[in-house]
Amino acid sequence: MSMSFEIPGKRILSSAQLTVFQSSATYDTLVSYIKARSEFFRGVKLTDPRSESLGIKAILRLLDRIEQLARETPPVENKASRFGNPAFRAFYDKVQHLAPSLHPDVPGLDQNATPELSTYFTQAWGNRDRIDYGSGCLEHLQIVAASDHTALITRVFWRYIQIMCVLQSTYWLEPAGSYGVWGVDDHHFVSFLFGSAQLRGHKFVRPKAIHGPEIVDELSKDYMYFSCIRFINSIKTASLRWHSPMLDDISAVRTWEKVNSGMIKISLSIQHFLFGSILPYEGPPPPASDESHRGNGHVHERWSDYCGIPVPSAFATAQKAREPGKGIEGPGIRPVPFD
């Protein structure tokens, strides 16, 4: 029997809906998926040789095409603003137009799933209107096999994160729903979750090692957590205590096992989550009197949620310190004072 698909959209707009969702089968599936992938990533290095199935190779080619689109869509002159660059909308429109034609190249994909997957795929690169970004379907659709579990993280997920760093530094994407200094990072979280899972049981490296610049540079080649710390250090000066106090606090934890278990507990945010047939929402409809902020289309989970408040891009601040006409290239950009 063939599966029916639908265009995904936002469903959770109230705290009551959120409570129901956290007891749902979809929520359990997502949490279980994250935990299972974390187990496969334990003790694996990003640079380890890894076989790639036809499905993995097809997805990587698709991701390469997205990065190519970004290279072909340079940022426009926007000196008057330290917020998102309007050229991102042109990039987004190109991805949206191209997405349906990319999916047929993925072997084994039910072409009836293209409209639903195209929505997820397009939204994965950020929000067109706000020019911001905040971050299981492949296995559900049998595009990848059990043997691809590790490659999904070391190859596909990590390639996606690398491209997102390019987009953030090119278009100055604002952090979506930022928790400010109360969050792990402005843009990414799952990379820290998987990164801490990767380091569980390491004989020598401890969480406090993130404070050593030379150690971070050396370990960033093989370990996702340290690569993310290196990226943060490339755009913000001063100490983690000032611009990333949560990461600084986490570094005091004695073992990576405890870091990872804590990450998993706070891993699933539904702030801009889209539900369809692949990831269904089964619960009450939103109340007539919307409890969420008008215009943002989701429930606020904590008092520190900055959603709806434009947050200046750290990359925009970095750009001020560079010579006119020179672009930013992610990890290679010049550190600037955090503000």
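1. Glutamate 52 is partly exposed in this predicted model, its relative accessible area being 28%. Its salt-bridge partner is arginine 155, with 3.2 Å between the closest N and O atoms. Arginine 155, by contrast, is buried, because its relative accessible area of 17% falls under the 20% limit.

2. A second salt bridge joins aspartate 217 to arginine 230, again with the closest N and O atoms 3.2 Å apart. Aspartate 217 belongs to helix H9 (residues 213–219) and arginine 230 to helix H10 (residues 224–235), so this pair ties together parts that are 13 residues apart in sequence. Both ends are partly exposed: aspartate 217 has a relative accessible area of 38%, and arginine 230 one of 35%.

3. Glutamate 257 is partly exposed at 33% relative accessibility, and arginine 42 is partly exposed at 41%.

4. On the surface, a patch of positive charge is formed by Arg206, Lys208, Arg254 and Lys258. Arginine 254 sits in the loop between helix H12 (245–250) and helix H13 (256–265). This residue is exposed, because its relative accessible area of 66% is over the 50% limit.

5. Aromatic contacts deserve a separate point. The whole structure holds 16 aromatic pairs. In one of them, the ring centres of phenylalanine 21 and tyrosine 27 are 5.5 Å apart and the planes stand at 90°, so the arrangement is edge-to-face. Phenylalanine 21 is buried, with 1% relative accessible area; tyrosine 27 also counts as buried, at 19%. Tryptophan 125 and tyrosine 160 make a tilted pair, with 5.1 Å from centre to centre and 55° between the planes. Both of these residues are buried.

6. Phe21 and Tyr27 are also members of one aromatic cluster, together with Phe273, Phe275 and Tyr281.

7. Helix H5 (residues 114–123) is largely enclosed by the rest of the structure, because 8 of its 10 residues are buried. Among the buried residues of H5 are Glu116, Leu117, Tyr120 and Phe121.

8. For the protein as a whole, the secondary structure consists of 14 helices and 2 strands. Of its 339 residues, 52% count as buried. The accessible surface is about 16500 Å², and carbon and sulfur atoms account for 55% of that area.

Key. Residues are numbered from 1 along each chain as its sequence is written. This is a predicted model: local features need pLDDT of at least 70, side-chain atom pairs count only at pLDDT 80 or more; totals for chains, interfaces and linings use all residues. Side-chain values use heavy atoms; hydrogens and water are left out. Patches are made of residues with over 30% relative accessible area and no salt bridge: like charges are joined within 9 Å, nonpolar side chains (Val, Leu, Ile, Met, Phe, Trp, Tyr) within 5 Å. Accessible areas come from the Shrake-Rupley method with a 1.4 Å probe; for residues, only the protein chains shown count as cover. A salt bridge is a side-chain nitrogen of Lys or Arg within 4 Å of a carboxyl oxygen of Asp or Glu. Lys and Arg count as positive and Asp and Glu as negative; His and the chain ends are not counted. The place of a charge is taken as NZ of Lys, CZ of Arg, CG of Asp or CD of Glu. Helices (H or I, at least four residues) and strands (E, at least two) are DSSP runs, numbered from the N terminus. Buried means under 20% relative accessible area, exposed over 50%, partly exposed in between (1.4 Å probe, protein chains only). Rings of Phe, Tyr and Trp (its six-membered ring) pair if their centres lie within 6.5 Å; planes under 30 degrees apart count as stacked, over 60 as edge-to-face and the rest as tilted.
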